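Student: I'd like to learn how to read a model like this one, feature by feature. Can we look at it together?

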Amino acid sequence: MQSKESMPPKRGFDLALPLKVIVAAALAIIVSLTLAQVVFRYFFDSPLLWSDELSRLMVVWMTFIGAAVVCWQGKHLSVDVFAVLLPEKVSKVLRIFNQLLAIGFLGVMTWKSFRVVKFENFQDMSILPLPAGTVRLAATVGGILMIIAILARLFASRRFRDTQPDNNEHSMM
């Protein structure tokens, strides 16, 4: 039997894991579609007309869902030149202020994108049989997921969070 010192630390369940799987699957599909498009266009002289539109749609969705994963992990890019010089309590207040500011921005973005989705759903995409609002819906869903992730980082107890430490302790997100 192993001693407690030699056992690896227990990790909490990563709540962002389903989103990570979706992003990985989307990337795999995009790469596969692109390769198939090259093969069909140059070897069979019969391009897959729908593959380009689907790939672009998936890149948009992958970006917004990936941004939610980054919010959950607290690894958004930040410029912390001054934050690292501040006392710990002031730095913590600044971090919370930045999170609230991000939530405000994401709330406006989500609301506006929802309105655009409703407007664009009256027309279809050029090749795929989907409403045009499907592209903008990624911003709406991604915005909601990012708000949830930031709020979870603000309020959730430590045992429900991703237990991987942030690479940057002074991260603003």
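Predicted model: local features only at pLDDT ≥ 70, side-chain atom pairs only at ≥ 80, totals over all residues.

Student: Why are Asp 52 and Arg 56 separated by about one helical turn?

Tutor: An α-helix has 3.6 residues a turn, so residues three or four places apart point the same way. Here, Asp 52 and Arg 56 are about one helical turn apart because they sit four residues apart in helix H2. Helices are DSSP runs (H or I, at least four residues), strands likewise (E, at least two), both numbered from the N terminus.

Student: Is Arg 56 buried or exposed?

Tutor: Here are the cut-offs: buried means under 20% relative accessible area, exposed means over 50%, and partly exposed is in between (1.4 Å probe, protein chains only). Arg 56 has 53% relative accessibility, so it counts as exposed. Asp 52, at 40%, counts as partly exposed.

Student: How many helices and strands are there in the chain?

Tutor: Four helices and zero strands, so to speak a pattern of α-α-α-α along the sequence. Of the 173 residues, 32% count as buried.

Student: What should I look for in the interior?

Tutor: In soluble globular proteins, nonpolar side chains tend to be buried together. A nonpolar core is a set of buried Ala, Val, Leu, Ile, Met, Phe, Trp, Tyr and Cys residues joined through side-chain atoms within 4.5 Å. The largest one here has 16 residues, and those touching the most other members are Leu 19, Cys 71, Trp 72, Leu 106, Met 146 and Ile 150. Helices H2 (49–73), H3 (88–120) and H4 (133–155) each supply at least two residues of this core, and H2 gives the most, with six.

Student: How far does H2 reach from its first C-alpha to its last?

Tutor: The expected span of a helix is 1.5 Å times one less than its number of residues. H2 has 25 residues and reaches 37 Å, close to the expected 36 Å. Just after H2, Gly 74 takes a positive phi of about 70 degrees.

Student: Which residue other than glycine has a positive phi near 50 degrees?

Tutor: Most residues other than glycine have a negative phi, and most peptide bonds are trans. Asp 45 has the positive value, near 50 degrees. Asp 45 lies in the loop between H1 and H2 and counts as exposed, at 68% relative accessibility.

Student: What about Phe 44: where is it found?

Tutor: Phe 44 is also in the loop between H1 and H2, and is exposed at 54%. Together with Val 38, Val 39, Phe 40, Tyr 42 and Phe 43, Phe 44 makes a nonpolar surface patch of about 660 Å². Patches take residues with over 30% relative accessible area and no salt bridge, joining like charges within 9 Å and nonpolar side chains (Val, Leu, Ile, Met, Phe, Trp, Tyr) within 5 Å. The areas come from the Shrake-Rupley method with a 1.4 Å probe, and for residues only the protein chains shown count as cover.

Student: How many aromatic pairs does the structure hold?

Tutor: Rings of Phe, Tyr and Trp (its six-membered ring) pair if their centres lie within 6.5 Å; planes under 30 degrees apart are stacked, over 60 edge-to-face, and the rest tilted. The structure holds two such pairs. In one of them, Trp 111 and Phe 114 have ring centres 6.2 Å apart and planes at 35 degrees, so that pair is tilted. Both lie in helix H3, three residues apart, about one turn.

Notes: Residues numbered from 1 in each chain as written. Heavy atoms only, no water. Salt bridge = Lys/Arg side-chain N within 4 Å of Asp/Glu carboxyl O.
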